[in-house]
Amino acid sequence: MSAADSTAYCPDFRQFYLLVILLLLLPCQLQAAEIKIESASTKINQGMYQLNANIHYELNDEVLDALNNGVTITMLLTIKLERQRAYLWNESISKLLQRYELEYHALSGQYIVKKLASAEQQSYLSLSAALRALGRVHELPIIKQDALQDSKNVVVKIHSELDTNALPAPLRPLAWVESYWQLSSEWFSCPL
Amino acid sequence: MSIIVLKRLTSGPYAAALLSILLLLSLYIMSGATEDSASFNQQYVLLLITILVGLTMLVVMIAVNVIGLYRRYKLGEPGSRLTTRLLVLFVVIAVIPVCVVYYFSVDFLHRGIDSWFDVRIEQSLNDSLELSRSSLDSRLRDLLRTTEQLAVDVADESEASAVLRLDDLRARSGASEMTLFDGNRIVASSNIKAELVINPNRPDEAIFNDISFGRNYAGLDTIAGVGLQIRVVVRVPLVRADLGIRSLQALYAVTARQRELAASVQETFSTYNELVYLRSPLKYSFTLTLTLALLLSVLSAVWAAFYTARKLVAPITDLAEGTQAVALGDYSKRLPLPANDELGFLVESFNQMTRRIERARNDEQLSRDKVDEQQAYQACVLSNLSSGVMTLDAEQCLQTFNEAASQILSVDLTHVEGKSIKELASQHARLGRFVEILLEQMEKHQQWSEEITLFGSAGRQVLVCRGVPMTDALETSGDTLIVFEDVTNLMQAQRNAAWGEVARRLAHEIKNPLTPIQLSAERLRHKYLDTMDAESAEVLDRATHTIVQQVEAMKDMVNAFSEYARAPQIKLEVLNLNTLVNEVLDLYRDDESNLRLDISLDPVMPHVEADAGRLRQLLHNLIKNSIEAMQDVTPQPEIALRTLCMQESNCRYVELRIEDNGPGWMGDKESELFEPYVTSKQGGTGLGLAIVKKIVEEHGGMVAAEDRPEGGAMVVIRLPVLHQDGQDDAETQA
């Protein structure tokens with residue numbers, strides 16, 4: 001008996017499959033607005049490990065609406081260094097948090113990207129340029145070479161998310177409840 | 001101890017109150033978290049979850065209470081209906097105002113937040129922004145033109161000389177920074193601050209794109225650390241083929257005043273826009289907090305309603321149960337005291353009431369028991385009295401009597417209990433005289449005493465009867481107490497004693513002159529017989545002979561009298577009646593007469609305590625009496641003698657029966673047979689049976705005489721058995 005035959009005799013299963021497909025499609029719709037770490041790599045420059053990464057930010061309408069209405073959007077980049085072990089969980093070496101702010105400057109009509117750690121800021125005429133700049137991590141020092149005794153089996157894990165705690169207070173309860181404020185990337189790993 | 005305290009804390013009012021307080025605290029903290037206090041930011045979700053869990057627990061507690069109440073209501077348990085009514089009342093009183101307040105609060109909140117915003121303000125802000133832009137636009141255009149001219153100046157500059165040229169141009173134009181790009185590569189840069197030349201500000205890539213398409217750029221820009229600046233990027237005219245697409249960027253500072261104003265406009269516009277945008281989330285946040293507060297209040301109120309209703313109804317339920325218990329006769333129930341209020345007073349009064357009732361009931365029970373005990377005691381005394389006691393009411397009906405009364409009257413008085421005493425007379429003719437006298441005396445209503453003699457088949461019976469009208473007790477007023485005693489035996493004993501005295505005196509008075517009479521007669525005969533003629537001698541002989549003979553007879557009679565009157569001390573000894581009977585009968589077996597003895601002795605014969613000599617006399621008297629009675633009357637005289645051991649109502653005794661086939665007692669009454677000087681024989685002293693009776697009574701026994709149905713007389717003697725039966729029996733059998 002073929003699979004088609006078996007489903008023909010079991011209409012309940014067809015409904016079940018339909019439900020499964022719908023459930024699978026649902027995250028795809030949510031992923032229309034997403035944060036995706038496209039690439040990441042490290043290099044040593046003057047005794048310092050530096051991270052280069054390219055993160056794709058895409059904002060949904062609700063977040064865009066908030067941004068264009070003067071709400072500052074903060075992206076939180078988490079970089080973790082872990083040593084992989086054979087039979088145990090990974091050993092945590094260090095954790096680095098980087099915050100980037102994106103805001104709209106109504107008078108100039110530009111989007112401003114601020115790197116809070118370095119107090120750098122740059123204006124962009126378009127949102128896409130601003131998001132591109134936001135997603136470009138260039139030579140970010142993560143750890144000194146001396147600090148690592150052994151760089152073997154050390155992985156860099158990167159994760160980026162929209163920091164809801166940095167939102168204005170009245171927005172926070174909504175942001176914790178509503179899914180469209182829950183923007184975050186998968187963990188991305190690359191060797192040191 | 002600690003476990004009990006913990007249990008008490010985690011259940012009941014404490015737990016609910018604690019939960020409510022915790023929830024209220026969480027709610028307060030959460031409302032604080034919506035403020036801009038960073039310390040609570042992380043806890044917001046935790047607080048929200050805590051509150052929701054707490055609310056769920058409250059809901060579960062309420063649901064459990066509701067289900068419990070529903071069950072009790074269905075089962076119709078006391079207090080469930082009142083609890084339900086109170087609960088509904090409390091819930092309505094508590095929930096409706098809270099809901100009303102909630103509705104108006106939310107409405108007021110929304111209206112309040114909306115009222116912060118005004119279309120005119122929004123418009124004026126937009127206008128001010130526009131104004132700011134337009135005020136800067138003319139300057140932008142001027143600076144664009146200026147920069148375009150400067151670009152012409154650097155068109156043919158080589159990379160090496162470009163820096164000097166740029167310094168010159170920057171100084172001339174008043175720009176704060178000037179940079180020459182080749183494509184997006186920095187060729188040369190000049191800054192008012194020399195240290196910033198190394199890392200000049202770069203324009204957006206989009207601007208470079210525009211430049212490549214020949215579109216120059218002039219616009220406002222916010223530069224880190226500097227603030228608002230005017231950025232102008234223009235394409236440098238191509239004058240030499242070996243040069244690429246070059247662009248010149250110049251940054252011009254705005255005046256301090258302009259920067260200040262522009263920053264203010266930007267700030268205000270941005271803040272206002274943000275506020276407008278945050279209007280909905282703000283409403284959402286406040287409404288959420290308010291809703292949680294409402295739910296907390298409502299659920300706490302419902303639970304409190306449950307608790308209060310239960311607390312209020314508990315004493316009432318207890319009272320209902322207590323009342324039911326009292327109705328069923330249980331006065332020992334005590335109710336737990338609630339708070340010191342009116343209900344507490346009511347419960348205390350109930351407890352006092354039941355306590356008093358119980359005490360009164362116990363007292364009553366005690367006195368009833370005492371009365372019963374007294375009655376039982378009196379009944380015991382009455383039943384053990386040898387005198388007969390009876391009470392008759394005013395209608396001459398028999399009310400009470402004792403056993404002795406039945407025994408003396410020889411009737412079962414239970415048959416006439418509660419009935420008229422006249423029925424006793426109609427049922428037993430023998431008691432006619434007794435009843436007649438009772439009725440006669442009762443009519444006089446005074447104390448009386450009378451001796452009543454009854455005649456029946458058992459003989460004459462003399463009763464001493466005494467009556468007392470009872471007037472002291474109300475309920476027995478009109479009743480008469482009658483006490484009577486059978487004095488027949490007493491009178492008999494008195495008579496016997498009198499006869500004994502007569503016999504003793506007779507013996508004493510008569511015996512003394514008899515010997516001189518006899519001696520005188522014998523002397524007369526001896527002296528004058530020989531001297532007389534034959535005829536006179538014969539007369540004398542016969543007369544003296546008669547005198548002597550009669551004197552002898554009188555002597556015998558006097559001896560018999562003295563024998564009867566004598567009361568020798570009996571010598572009791574343990575003996576076997578069978579052996580004694582055999583010894584006595586041996587004397588008659590060898591008799592030449594044709595007397596036939598039929599002896600039947602009980603093989604199991606216990607010992608008796610008796611005087612052997614007196615018992616022998618008794619047996620001789622009886623056997624002789626029978627032989628004399630049968631002499632010349634019965635051709636084949638026969639005496640049957642039996643011994644038996646019998647038991648009647650816990651009393652063991654031996655019975656001796658002597659029967660003959662003679663003429664019987666020939667109508668003599670039994671009561672008179674044993675009287676002295678009662679005889680049917682010629683020449684009999686009438687003392688034989690009287691002595692028999694005396695001996696039997698001396699031994700504590702009884703004697704009876706009756707005619708046999710087949711003819712002949714029978715005497716039955718009963719003697720008590722010695723009190724060591726078992727041993728005696730065994731000995732006898734051995």
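Two residues are taken to be in contact if their C-beta atoms, placed from the backbone, lie within 7 Å. Helices (H or I, at least four residues) and strands (E, at least two) are DSSP runs, numbered from the N terminus. The model is predicted, and local features need pLDDT of at least 70, side-chain atom pairs count only at pLDDT 80 or more, and totals for chains, interfaces and linings use all residues. Residues are numbered from 1 along each chain as its sequence is written, and chains are lettered from A and ligands numbered from 1 in the order in which they are written.

Axes here are lines fitted to C-alpha atoms, for helices over the stretch in contact, and angles run from 0 to 180 degrees between N-to-C directions. Two strands pair if DSSP finds at least two bridges between them. Strand β1 (residues 177-182) of chain B is joined to β2(B) in the antiparallel sense over 6 bridges, and F181(B) has I186(B) as its bridge partner in β2(B).

A second pairing in chain B involves strand β6 (residues 388-392), which is antiparallel to β10(B) over 5 bridges. In this pair, L392(B) stands opposite T480(B) of β10(B). In a regular strand the side chains alternate between the two faces of the sheet. A residue is buried if 20 or more other C-beta atoms lie within 10 Å of its own, exposed if 12 or fewer, and partly exposed in between.

I408(B), in helix α11 (residues 403-409) of chain B, is partly exposed because 19 other C-beta atoms lie within 10 Å. Leaving aside residues up to four places away in sequence, I408(B) touches G388(B), L463(B), F484(B) and D486(B). I408(B) and L463(B) are 55 residues apart in sequence and 8.7 Å apart in space, C-alpha to C-alpha.

Chain A contains an open sheet of 6 strands in the order β6-β5-β4-β3-β8-β9, with antiparallel pairing. Its edge strands are β6 and β9 (188-191) of chain A, each pairing on one side only. Strand β8 (residues 154-162) of chain A is joined to β9(A) by 4 bridges and runs antiparallel to that strand, with V156(A) opposite C190(A). Helix α4 (residues 127-135) of chain A packs on the sheet, touching β3 (73-83), β4 (91-105), β5 and β6 of chain A, and its direction makes about 10 degrees with that of β5(A).

The contact between the chains takes 27 residues from chain A and 34 residues from chain B. On the side of chain A, β5 (110-115), β6 (120-124) and α5 (172-177) are the elements that give two or more residues.
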